[in-house]
Amino acid sequence: MIYKRSSALFAQAEQVIPGGVNSPVRAFKAVGGTPIFVKEAKGAYLYDEDGNQLIDYINSWGPMILGHAYEPVVNAVIEKTKKGTSFGMPTEIETQIAELAVSMVPNIDKIRFVNSGTEACMSAVRLARGYTGKDKIIKFAGCYHGHSDSFLIQAGSGAVTFGSPNSPGVTKGTAKDTLLARYNDLENVASLIEANQGEIACIIIEPVAGNMGCIPPVADFLQGLRDLCSKHNILLIFDEVMTGFRLAKGGVQELFGINADIVCFGKVIGGGLPVGAFAARAEIMNHLAPLGPVYQAGTLSGNPLAMAAGLAMLTALNNDNAIFTRLAEKTEYLHKGLANVLNRHNITHTINRIGSMISVHFDDSEVIDFETAAKGNNETFKRFFHGMLNEGIYIAPSAFETWFITDALTYDDLNKTIAACDSVFKA
Ligand code: KE4
């Protein structure tokens, strides 16, 4: 693969954009090389600025669950654009997507739209603090809830990729209110609660982690968190920015039958446009301004174009009762194919998978938390990443990410991906 134009564009971008990118993980720092500039995309395929076609397993880090340039979303945005792009006034479509989301997701009465997953999680934590009157939060090492100060304490995703989980600029005052727990370790959580009795407003978790690779919860972990939160008057926040509307219509709450107190969304809910949201029972959400004292606001919150894209996306998912089964079957097929190839080449690895989320870890230990995720052999991962890219397969440029399967992938695409893995390790 030749990346002449991408390289030139990257050099130009670096002159005016820090690191040449608007989000660090896009810079390929964990795998080396220069980032690929995309010209356009359709279905399961990216077309880069050098004319290469790539099978896409990132799909904008989750949103493109039905493939790029999905017609109903494209048409909805085009039609909406003709009527104006932003008003700063309430519009009917905000209510329409809110009603649909509330009908799809269990245990929520009201939802507030914002512009990113970060904003959704940041606002959910403020709401939990305002509702409980308590300051401290528990997050999990390796989980990423966006770049709000309270979360950049052993965050996942790009923060870990950079090996600097505790970001400069986060004050000691902020950091002292964020307690760090180990994922899948209920005893560790219980001991933190014991040591901070009466001070913890919420526990925020990726109920299926996707920012240290894909890590599902071990049996009874989520129920254990639910029980601890109920016992100690702590709100349980499910950060479903990745898993919402991806692992099931009702996300992880539906999949595992566990009720969170607040749920955060992003990615899929916006159909590829900037949308985040947080939702809960009315008695919690009614604490939000203008009804209640907890302030939260946004000029472009509920933007009509973003709402049109999100409504078209959620409508398509809501009307297709086979979508999540199809996605899970394609992901299982890919898992088995990759495992067969890696075993044939005696490559030490672990593959984690749940629904349409999957990640490959080059280590033989079970990957159940940040510590075990960090044991993966990054040299092998870099060889895998660049080898697959040369074969026309675009996977996450970091071992601390999950792949996102799109329904636009055909079994022929999956077979090409498996064959590409074989070529990488045959060489
Ligand atoms: P955004 O602010 O990037 O929309 O959402 C933050 C966020 C919150 N919660 C979870 C579980 C997330 O995965 C994310 C963002 N995910 C990363 C990918 N690991 C976005 C990619 C990027 O940072 O460029």
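Pro290 is found in the loop that connects helix H10 (282-285) with helix H11 (304-318); here helices (H or I, at least four residues) and strands (E, at least two) are DSSP runs, numbered from the N terminus. A cis peptide bond, with omega of about 10 degrees, links Ala289 to Pro290. The model is predicted, and local features need pLDDT of at least 70, side-chain atom pairs count only at pLDDT 80 or more, while totals for chains, interfaces and linings use all residues. Residues are numbered from 1 along each chain as its sequence is written, and side-chain values use heavy atoms, with hydrogens and water left out.

Another loop, between helix H1 (4-14) and S1, contains Phe28. The phi of Phe28 is near 65 degrees, a positive value in a residue other than glycine. Strand S1 (residues 38-42) then pairs with strand S2 (residues 45-48) in the antiparallel sense over 4 bridges; two strands pair if DSSP finds at least two bridges between them. Within this pair, Lys42 stands opposite Tyr45 in S2. S1 and S2 form a hairpin with 2 residues between them, and Gly43 in the turn has a positive phi of about 65 degrees.

The next element is an open sheet of 7 strands with mixed pairing, in the order S4-S10-S9-S8-S7-S5-S6. Strand S4 (110-114) and strand S6 (178-181) are its edge strands, and each pairs on one side only. From one strand to the next, the twist averages 20 degrees; such angles run from 0 to 180 degrees between N-to-C directions, and axes are lines fitted to C-alpha atoms, for helices over the stretch in contact. Strand S5 (residues 136-140) pairs with S6 in the parallel sense over 4 bridges, and Lys139 stands opposite Leu180 in S6. Helix H7 (residues 186-195) packs on the sheet and touches S5, S6 and S7, its direction making about 150 degrees with that of S6; contact means heavy atoms within 4.5 Å. Helix H4 (residues 117-132) lies across several strands, including S4 and S5, and runs at about 165 degrees to S9.

A further open sheet consists of 3 strands in the order S11-S12-S14, with antiparallel pairing. Strand S11 (350-354) and strand S14 (403-404) stand at the edges with a single partner strand each, so one side of each has no neighbour in the sheet. S11 is joined by 5 bridges to strand S12 (residues 357-361), and the two run antiparallel. Ile351 stands opposite Val360 in S12. Helix H12 (residues 323-344) lies across S11, S12 and S14, running at about 175 degrees to S11.

The ligand remains to be described. Of the 17 residues around it, Ser23, Thr118, Asn211, Asp239 and Glu401 come nearest; a residue is near a molecule or strand if one of its heavy atoms lies within 4 Å of it. The shell around the ligand divides into 5 nonpolar, 8 polar and 4 charged residues. In this division Ala, Val, Leu, Ile, Met, Phe, Trp, Tyr, Cys and Pro count as nonpolar, Asp, Glu, Lys and Arg as charged, and the others, Gly among them, as polar. A polar side-chain atom of Ser23 lies 2.6 Å from an oxygen atom of the ligand, and a polar side-chain atom of Asp239 lies 2.7 Å from a nitrogen atom of the ligand. For Tyr144, a backbone N or O atom lies 3.2 Å from a nitrogen atom of the ligand. The protein covers 88% of the 540 Å² of accessible area that the ligand has on its own; accessible areas come from the Shrake-Rupley method with a 1.4 Å probe, and for residues only the protein chains shown count as cover.

Methods. Polar contact = N/O pair within 3.5 Å; in protein donor to acceptor, adjacent residues only side chain to side chain.
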